[in-house]
Amino acid sequence: MSSNHEPLSVEDVERFGPDPLATISTNLAAVEERIARACARSGRDRGSVRLLPITKTVPAHILRYAFEAGIRSFGENKIQEAMAKRDALDDLAIEWTIVGHLQTNKVKYLTTFAREFHALDSLRLADLLNRRLEREGRFLDVYVQINTSGEDSKFGLEPHALLPFLDALEQFSRLRPKGLMTLALFSSEMARVRPCFALLRRLRDEASKYHLGIAGLSMGMTGDFEEAIGEGATIIRVGQAIFGKRPTPEGHYWPGLASAAQQ
Ligand SMILES: *Cc1c(COP(=O)(O)O)cnc(C)c1O
């Protein structure tokens, strides 16, 4: 089975161990265990929570082991990185989700291969996505990103802007709004994190009265997914608990992190 894997570099072994398949499988089992316990605590069905593994910074050749470990949908934060991996792994049946802020000049790439987009936060973006999708003859599942922490640095709509935004989205027939997404406050104090998830849930409950498709809650990451499950998450986006700590500084993905960490 390992015959079609390229040799591991010193960096690969440092980060993923001498047997990446074993490392990823073990981590995945531990995450499954945590999900099962969180579901049990809040009286939820395991089947009501989808684990979306986040594969950013994990090299494509290591993702072949993730595929062997049974992972079929990969979430990436940056479009170029996602495309390079998609090309390197195009012999595997992988579903790609983009979870990070998208610049309008990257729309034309996303629409060629992504199945889901979790950071929709402007009508201009929705319009551009819709035009490209029309041309490609494709559809896209989208989650509307909400800024639930009130931090200036976070992308996402202000909570009060959600209902008019969803109304306006109805003109874009190629977009399938499935739910809401958020990044909670970056803090190890769950008492400050959990209200972000609770707010997203309330917004979803309200919005789903007028927009039946809005059922999903994409929230919770390695550090806080149990809390998110407790507040009703239907998709948790988990990277480091499966693939180990990332070598890149987190500020690379979240411009506001440096200031958030000092709070
Ligand atoms: C990286 C990332 C995650 C996962 O974070 P981990 O700490 O690796 O679990 C979730 N959501 C988004 C938008 C991300 O960029």
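**Figure 1. Helices α2 and α3 form a right-handed crossing in this predicted model.** Helix α2 spans residues 20–41 and helix α3 spans residues 60–68. Their axes lie 9 Å apart, and the two helices pack at an angle of about 55°. On the side of α2, the contact is made by Pro20, Leu21 and Ile24. These residues meet Ile62, Tyr65, Ala66 and Glu68 of α3. Sorted by class, the contact of α2 with α3 contains six nonpolar residues, one charged residue and no polar residues.

**Figure 2. Helix α3 is mostly covered.** Of the nine residues in α3, seven are buried. These buried residues are Ala60, His61, Ile62, Leu63, Tyr65, Ala66 and Phe67. Which elements cover them? The covering elements include the helices α1 (10–16), α2, α4 (79–88) and α10 (240–243), together with the strand β2 (73–76). Glycine 70 follows α3 and has a positive phi, near 105°.

**Figure 3. Helices α7 and α8 cross with right-handed geometry.** Residues 162–169 make up helix α7, and residues 190–210 make up helix α8. The two axes come within 10 Å and cross at roughly 40°. With this angle, α7 and α8 are therefore oblique to each other. Helix α7 contributes Leu162, Leu163 and Leu166 to the contact, while helix α8 contributes Leu203, Glu206, Ala207 and Tyr210. The contact of α7 with α8 comprises six nonpolar residues and one charged residue, with no polar residues.

**Figure 4. The largest nonpolar core contains 71 residues.** Which members of this core touch the most other members? They are Phe117, Leu120, Leu129 and Leu175. Helix α8 supplies the largest share of the core, namely seven residues. A second core of eight residues is separate, and Val99, Met181, Leu183 and Met221 are among its members.

**Figure 5. Leucine 175 is shown with the residues that it touches.** Residues up to four places away in sequence are not counted here. The residues touched by leucine 175 are Leu120, Ala126, Leu129, Asn130, Leu133, Leu140, Val142 and Leu169. Leu120 and Leu129 are, together with Leu175 itself, among the residues that touch the most other members of the largest nonpolar core.

Technical notes. Residues numbered from 1 in each chain as written. Predicted model: local features only at pLDDT ≥ 70, side-chain atom pairs only at ≥ 80, totals over all residues. Heavy atoms only, no water. Axes fitted to C-alpha atoms, helices over the stretch in contact; angles between N-to-C directions. Helix = DSSP H or I, 4+ residues; strand = E, 2+ residues; numbered from the N terminus. Left-handed = near helix turned anticlockwise from the far one by under 90°. Contact = heavy atoms within 4.5 Å. Nonpolar A, V, L, I, M, F, W, Y, C, P; charged D, E, K, R; others polar. Buried < 20%, exposed > 50% of the residue type's maximum accessible area, 1.4 Å probe, protein only. Parallel < 35°, antiparallel > 145°, perpendicular 65-115°, else oblique. Core = buried A, V, L, I, M, F, W, Y, C linked by side-chain atoms within 4.5 Å.
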